[in-house]
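Here are some quick notes to read alongside the structure. Take them in order, with the picture open.

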Amino acid sequence: MSDATGTIYTETVVHSATEAFAPDVPYQTAIVALDSGGRVTGRISGERVRIDDRVARVEIRDGVPFFRKIG
Amino acid sequence: MGIGKTPFGAFPGRDLRSLAVEAGEKCLTSGHTDPSQIDAFFLGNFAGPSFVGQNHLAPYVSTALGIQGVPATRVEAACASSGSALFHAYTGVASGVYDTVLVIGVEKMTSQPTPRVTEILAGAGDCAGEIKAGSTFASLFAMIARRHMHEFGTTREHLAAVAVKNHANGALNPDAQMRKVITIEQAMAGKPIADPLNLYDCSLISDGAAAVLIAPAGRAAEFTDKPVRVLGIAQASDFVALDQKPDITTFPAVRRASAKAYRMAGVGPADIQLAELHDCFTIAEIVAIEDLGFAPRGQGGPFTLAGHTARTGDKPINTSGGLKSKGHPVGATGVAQICDLVLQMRCEAGERQVPRHSLGLAQNLGGSGATCVVTILGTV
């Protein structure tokens with residue numbers, strides 16, 4: 001079981017952010033239920049995701065996991 | 001025994017201390033007492049150090065009120081700061097350590113630009129995890145809303161119904177920040193903040209303070225001829241990070257605190273005649289309705305849309321306008337909810353007065369559910 005793949009538990013597209021994230025809006029964050037167990041809050045790269053979509057981790061940037069839709 | 005509140009709003013000329021002092025003085029006057037009679041002082045404040053650069057806030061406020069020498073303590077529990085301050089004041093009186101305790105909640109937020117306010121508020125989340133990933137409080141509650149919609153079929157219209165109802169109530173409250181009636185179409189078409197939440201789903205950025213005086217029931221006649229009794233009060237805690245919670249469509253801290261408060265008061269959800277709930281976001285009111293047992297799990301949205309929680313309904317919620325319309329100076333909110341219930345219970349709520357007002361409940365939530373304080377009040 002991998003901690004690099006999982007399923008979207010919930011998500012949102014953020015339009016109004018703190019100063020640090022303002023250049024990125026709109027961006028999507030999600031809570032991912034990892035196949036290895038547990039959940040993590042991360043960012044979504046590329047195509048928007050919905051609840052129950054399968055995702056894989058594409059990178060970890062400054063400690064934050066970025067996921068992308070698969071399958 | 002006494003209550004006092006400033007109006008809520010954006011007051012560029014007012015500092016934190018002057019707001020707290022105004023509420024405190026009104027409260028002492030309303031309780032027919034003076035600073036020399038106060039045995040202890042509790043201040044609920046979330047982020048004074050970040051919003052206005054001042055620490056050591058409890059004696060900073062108490063001495064300005066003329067309260068000298070007694071314990072003065074600040075309590076921080078995010079948006080439940082002053083609910084928690086009240087809980088700790090109550091335990092001090094109930095244990096016999098103090099007799100008369102003044103509790104003030106205060107926040108001065110509008111001196112900072114909105115992105116900075118968002119950043120300071122985010123400090124109530126898990127800064128090493130969810131916040132670092134770009135979450136704001138609106139986005140955390142947006143994720144709760146998404147999941148609630150997915151599991152229970154809650155709709156955008158259900159969320160909007162909360163906003164429309166609270167705006168209608170706030171329009172009748174002279175101390176409310178936004179006295180504006182809105183339609184369900186307006187509420188569904190607001191500027192997007194974090195999908196599915198828009199501007200009309202979010203509470204306001206506010207300055208304000210609220211105060212309450214508590215004392216043993218046996219001494220009530222010294223302070224007021226219209227005493228309101230704390231029948232039950234409880235505080236509970238849970239994970240700070242949303243992603244650590246097994247189920248984000250319910251707040252275990254609300255369930256625990258309310259179960260204890262109901263037991264202490266000897267009443268149940270069906271007995272409650274009116275409530276002030278923590279509608280920091282519309283979805284929060286829907287989840288609270290369910291966690292407090294006013295409606296079954298997943299039914300908070302339809303319960304609201306059907307009008308049960310309206311001022312004219314059988315379970316009026318947020319007749320003050322709630323955080324949504326009255327305003328949400330975060331550290332002041334918990335005590336302000338108590339003040340608003342007391343106004344109703346003393347038949348002093350003016351145009352928004354409800355007919356059944358002898359048993360009221362306040363629910364004050366911190367963060368995305370990490371702290372909850374539930375208070376049940378009754379007329380003696």
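1. In chain B, residues 24 or more positions apart make up 77% of the contacts with a separation of 6 or more. Keep in mind that this is a predicted model.

2. The C-alpha trace of chain B spans about 55 × 45 × 35 Å along its principal axes. Of its 380 residues, 62% count as buried.

3. Next, look for the largest nonpolar core, which has 147 residues. B:Val103, B:Ile104, B:Phe141, B:Ala211, B:Val212 and B:Val335 have the most contacts inside it. Helix 6 of chain B (residues 137-152) gives the most to this core, nine residues. Where does the core sit relative to domain 1 and domain 2 of chain B? Both domain 1 (2-112 + 207-222) and domain 2 (124-200 + 225-379) give residues to this core, so it lies between them. As background, nonpolar side chains tend to be buried together in soluble globular proteins.

4. Leaving aside neighbours within four places in sequence, its contacts include B:Ile3, B:Ala23, B:Cys27, B:Leu102 and B:Val335. B:Val103 and B:Ile104 are also among them.

5. Chain B also has an open sheet of four strands, in the order 8-11-10-9 and with mixed pairing. Strand 8 (228-237) and strand 9 (274-276) are the edge strands, each pairing on one side only. Neighbouring strands in this sheet are turned by 15° against each other on average, direction ignored. Strand 10 (residues 359-366) and strand 11 (residues 371-379) of chain B are antiparallel and share eight bridges; B:Ala362 has B:Thr375 as its bridge partner in strand 11. Helix 9 (residues 252-265) of chain B lies across strands 8, 10 and 11, at about 150° to strand 8.

6. Six of its eight residues are buried, so strand 2 of chain A is largely enclosed by the rest of the structure. Strand 2 pairs with strand 1 (residues 5-14) of chain A in the antiparallel sense over eight bridges, with A:Gln28 as the bridge partner of A:Val13. Five bridges join strand 2 to strand 3 (residues 39-45) of chain A, also antiparallel, and A:Ala33 stands opposite A:Arg39. Strands 2 and 3 of chain A form a hairpin with four residues between them. In that turn, A:Gly37 has a positive phi of about 105°.

Definitions and conventions: Residues are numbered from 1 along each chain as its sequence is written. Chains are lettered from A and ligands numbered from 1 in the order in which they are written. This is a predicted model: local features need pLDDT of at least 70, side-chain atom pairs count only at pLDDT 80 or more; totals for chains, interfaces and linings use all residues. A nonpolar core is a set of buried Ala, Val, Leu, Ile, Met, Phe, Trp, Tyr and Cys residues joined through C-beta atoms within 7 Å. A residue is buried if 20 or more other C-beta atoms lie within 10 Å of its own, exposed if 12 or fewer, and partly exposed in between; C-beta atoms are placed from the backbone. Helices (H or I, at least four residues) and strands (E, at least two) are DSSP runs, numbered from the N terminus. Domain bounds come from an automatic or database domain assignment. Two residues are in contact if their C-beta atoms, placed from the backbone, lie within 7 Å. Two strands pair if DSSP finds at least two bridges between them. Axes are lines fitted to C-alpha atoms, for helices over the stretch in contact, and angles run from 0 to 180 degrees between N-to-C directions.
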